[in-house]
Amino acid sequence: MEPSSSSSSSSSSAATATCNGQKRKSNAPTAHERAKRLKIVQEGEETLECGRSFRSPRISVLLDHIQQPITLNELTELLHYAALGKTGGIKQPSWCRLRHQKRIKAVNVVIVEGLTQSHFYKHYLTLQHLRTSYTTRVTFIPPSTDLASGIFSSEVPESDDPSLSQRHNESSKLHNALRCHPVITKFGTQRRGLTAYVLTQEEMIKRHYPVKGMPGFEDYVCIDSVDYVTDNSPLYGLDCEMCLTEKGYELARVSLVDSDGNCVMDDLVKPQDRILNYLTRFSGITAEMLRPITTNLQDVQRKLRALLPSDAVLVGHSLNNDLMALKLVHRHVIDTSLLYRREFGQRFKLKVLAETVLKRQIQTEEKKGHDPIEDAVAALELAQYFIKTGPLQVVELHLEELWGYTVVEESTDCAPAPTPSHRFVDRLQTLGRSIAFLGKRSDIALDLSKQLWHNSDKELLASFRRQTKCPFLSVLQFSSLSDYLKRYSSHQEHQYQRVCAKIRDMCVVFAGPFPPGFSEREVRRLFCCCGPVRKIKMLNTTVRVHAEVEFELLEGAMLALKTLNGLNMQGQSIKVQRPVNESVLDLDLTLNALTGDNLNTSHLYTVKLSPSMAECIQISAKFNGHTLDPTYSGITPVTTVNGFPPVKVNGKKLQPTTTKSKLSEETVRETFGHFGTVERVVLLAKPGKHARHAYIKFENSEGKQAALCSSEDLRKENYLICPSLTPPHLPSWVAGTMPITTVEAEDDEEGTHMHSSSQDQQVDVMMRKLDRRLRKLFRSLQDSTLSVVVLLGNTSPHGQLPGLCLMEVKQGS
C-alpha cells in the first residue's frame, strides 16, 4: 500500500473512530458544535499562515465544462491568457478559471506522445506524481496537426482596447520584426557566400538527411566528396519523382542540372518492387513510360558518382527526400525549404517560392505531373538568388508576399513597419519573453531562437534542468514511450476495453441470497438507495436468488457494501460483496488512491434516503450479527406502488420514494454548510426525475472530514455519505472513446492475454520512469509556473483514443 494513500486512509479512520467514540458520551458536543469548533480552529490556522496564499494563482475547470473534453483550441485559449492576461487584451478562458493570472511567472507544457487516458487509469497506482501533484484533470482530444506547432503558431485574438493596439504597433517597427524574423535569426543580415548556407552534419541529422555512420543508412552509397567546399564550388540542382510500391515510395525518375541550369541527367528508373500506384498526378510517371525501362537504382547511383565533382554542392527543395529515394549520402547540400524559413517549422512549397521570388509558374494544372528538370532548375535559381541578394534584402523584398506583413511607409527617414503578427510566439517575442522548445529529434522543425533536440527523454530532462534561467514559455516533447507503443498499436486499441472492464468491475457488487421470487425490480429499488444503478443481472438457482448489481458510480458500490451488507430480509441476512477476478486484485489500493486523489480531496458523495428505508437500514445495523426478536418480521414484499413493490418493516410500508427523500441544492447547502463552506453542489438526476444523489464540494478538505466524522448524525437525518471516488471528468472520457467490437475483444482476451500481460509489465516500468522524470521536471520549475502535462492520445482505425490534460500552478514550499 502506498504511503500517501494509507496514511490518509488511516488518519481518516482514526478520526472517524474518535468521533464515534465521543458520540457514546452523554455530554459529547453535537455535530454542528464540533463543526463550528473545527471551523474556528481552521480559520485561526489560516490566519497564522502566509496571507498571500489566497492570492496565489490557481486553476480550476468550470462546473459545466468538467465533463466535456477539450481540444487544442481550448488549450491555447488557456495558454494565451496565462502568458498575456488581461493587460495583453486576452479574456479569461471560456472553460476554466485562472485566478491571479498576473502572478504567473512562467508557463511550461509537457507533451507526452503516444499515451492515452486509458494508459493513465491502467497504470494509475504507478503514476503517483501525476495523480497527486495535479489538481485539475480534463479529457483531451488529440489534434490532427502537431501539437507543439499548434501551440506556437496559434492566433492570439485581437484586443478591443485601442491603447493596447497602439502600444503593440509602436513596438512592432520593421527593425524589431526583422530582428526576430526566422531568416534573420538563422543567417543574420550580412550577404555571404554559399558555404554559409551549406547544412552542417548536425543539421543534416536533425533534418533526417542520410548521414554516413548513422543508424538506418548502412546500405546507402556515399559520393566521394572533399572535406570542405568553398564559395566557388559548383552548384547542382537535383529533383526526383517517386512511385508507390509494395515496400513504400521508390525512385522512378531523377533529374540533375548544372550551375547554368543545363540538364546533365534525366533518367527514368525501374522500381525494384511491384508498383501499386504510379502517382501520375504528382510524378507524371505512367505505366507506358516505365514498361521499356531497364535502368535500376544501382545504375543511377553509379552515374551520379561519375557526374558529380568532389566539391559539388547539391541543391534541392526538401532534398532529404530525394537523397533517401536515391539511397545516397552526399556531404554538402543546400535545402531551399530551409533558406526561405517560416516560423515554427512550416515550409513554403517550391511552387509558391518560384512564383513569388522567380516570377515563374511551375507545377501548373495543365501539365500532367511535375517536371523534375523544371523543379531542379527552380530550386537551383532560388538558392543562387538567396546567396546573391543576401538574407536581409530577401526578407525586405518579399516581406509581404511570403511572410504576410503589410508594409506601411511612415516617413522618408523611418523604416516601414509591418502590421503586428497575431501569432502567439510573435506576441511573446515582441514583449521580450523567452521561448524554448525541447524534444526528441523528429520530423517537426520549429524555427525558434532557442530549440534543443535530444535523442532521449533522459537527455531532454537533463538539458532542461541545466538551464540557468528557465524560459517564460517552454514546451517539452517526450517521445520514448511513443516509439515503444507504436509497435503495439493493436494492444493500445484493446487496452481501452480492458480499462473500461476494470472500472465496471469496481462498480459491481454481488448480493444475495434473496427470498424466493425476489424480482429484478425489487433488487433495483433496494440498491437505488445507494446510487444510480446501470443494470442488474439476476442469478437464479433452483434454491436461491442472487443478483449482480452494476452501479453507474464507484460511490454507489462502496455505499452498498457499507450499508446493505448484512441487511436482514425475512429473517435471513444477505451478503453484498465485490466480484473476485484479476481486475480487482489491487482494488483496495486503487480505492485508497482515488480517495486521496487531489480531484476528490474536498468532495463528498451523499444519498438522501426515504424515512422508511433509513429505518430499515438502521434496524438491520442494530441487529446485524445477533439473534433477532421473534416479533421482528424482516422485510416482506407486498402490493406494488408506482410500479415498484413496497416492503414492510415491522408492519410499516417502505415506500420507494417520498418528498422527504428528494434533494435540492438549498437543503444540501443548509445541512452540510455547518461543516464548512460548500463551494458547489452537483445533483445527480435523470431528466424529469427528482435527485436523490449529489456530489458536494467543500472549500477545503476540513469541511469534508468534519462531515465524515458526523456520518452517524447525518444518518439520523436520512443521509448516507462517503468520500468521493469517481474523477469528475471520467464520463467525458468514456463517452468520447469508440468501443472495440466484441469479437475483437474476445480474440484479444483468448489469443493474446499472456502477451498483453507481458507488454503491460514493460509499459508499467516505462510509466514509472516517466513519472519520476515528470516529478523532477516539476520540482525544477520556479514557483507560480503554470504546469500543463498533455497525454496526447491518438487516433486508431477504430476511432479516437482520447488523451488527458493535467494542470497545476506550482506553489511555493
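These legends go with a set of close-up views of one predicted model.

The model is predicted, so local features are described only at pLDDT of at least 70 and side-chain atom pairs only at pLDDT 80 or more, while totals for chains, interfaces and linings use all residues. Residues are numbered from 1 along each chain as its sequence is written, and side-chain values use heavy atoms, with hydrogens and water left out.

**View 1. Strand β29, covered on both faces.** Helices (H or I, at least four residues) and strands (E, at least two) are DSSP runs, numbered from the N terminus. In β29, seven of seven residues are buried, meaning under 20% relative accessible area with a 1.4 Å probe and protein chains only (exposed is over 50%, partly exposed in between). Thr785, Ser787, Val789 and Leu791 sit on one side, with Leu786, Val788 and Val790 on the other. Strands count as paired if DSSP finds at least two bridges between them. Strand β3 (residues 106–112) runs parallel to β29 and is joined to it by seven bridges; here valine 107 has leucine 786 as its bridge partner. Strand β32 (residues 803–809) runs antiparallel to β29, with six bridges, and valine 789 partners leucine 806 there.

**View 2. Threonine 785, in strand β29.** With 2% relative accessibility, threonine 785 counts as buried. A polar atom of its side chain lies 2.7 Å from the backbone oxygen of glutamine 782. That is a polar contact: a pair of N or O atoms within 3.5 Å, where, within protein, one must be able to donate a hydrogen and the other to accept it, and residues adjacent in sequence count only if both atoms are side-chain atoms. Not counting residues up to four places away in sequence, threonine 785 touches Ala106, Val107, Asn108, Glu808, Val809 and Lys810; touching, or contact, means heavy atoms within 4.5 Å.

**View 3. The largest nonpolar core, with 44 residues.** A nonpolar core is a set of buried Ala, Val, Leu, Ile, Met, Phe, Trp, Tyr and Cys residues joined through side-chain atoms within 4.5 Å. Those with the most contacts inside this one are Leu147, Phe424, Leu786, Val788 and Cys805. Its largest share, eight residues, comes from helix α3 (residues 72–84). Take a look at leucine 147: leaving aside neighbours within four places in sequence, it is in contact with Leu72, Leu75, Ile111, Phe140, Val790 and Leu792.

**View 4. Helix α17, residues 372–389.** From its first C-alpha to its last, this 18-residue helix reaches 25 Å, close to the 26 Å expected; that expected span is 1.5 Å times one less than the number of residues. What encloses α17? The rest of the structure largely does, because 13 of its 18 residues are buried. At its start, a side-chain oxygen of aspartate 371 comes within 3.0 Å of the backbone nitrogen of isoleucine 373. Just after the helix, glycine 390 takes a positive phi of about 90 degrees.

**View 5. An open sheet of four strands.** The order is β26-β27-β22-β28, and the pairing is antiparallel. At the edges are β26 (678–684) and β28 (719–723), each pairing on one side only. β26 and β27 (residues 693–698) pair over six bridges, with leucine 684 standing opposite histidine 693.
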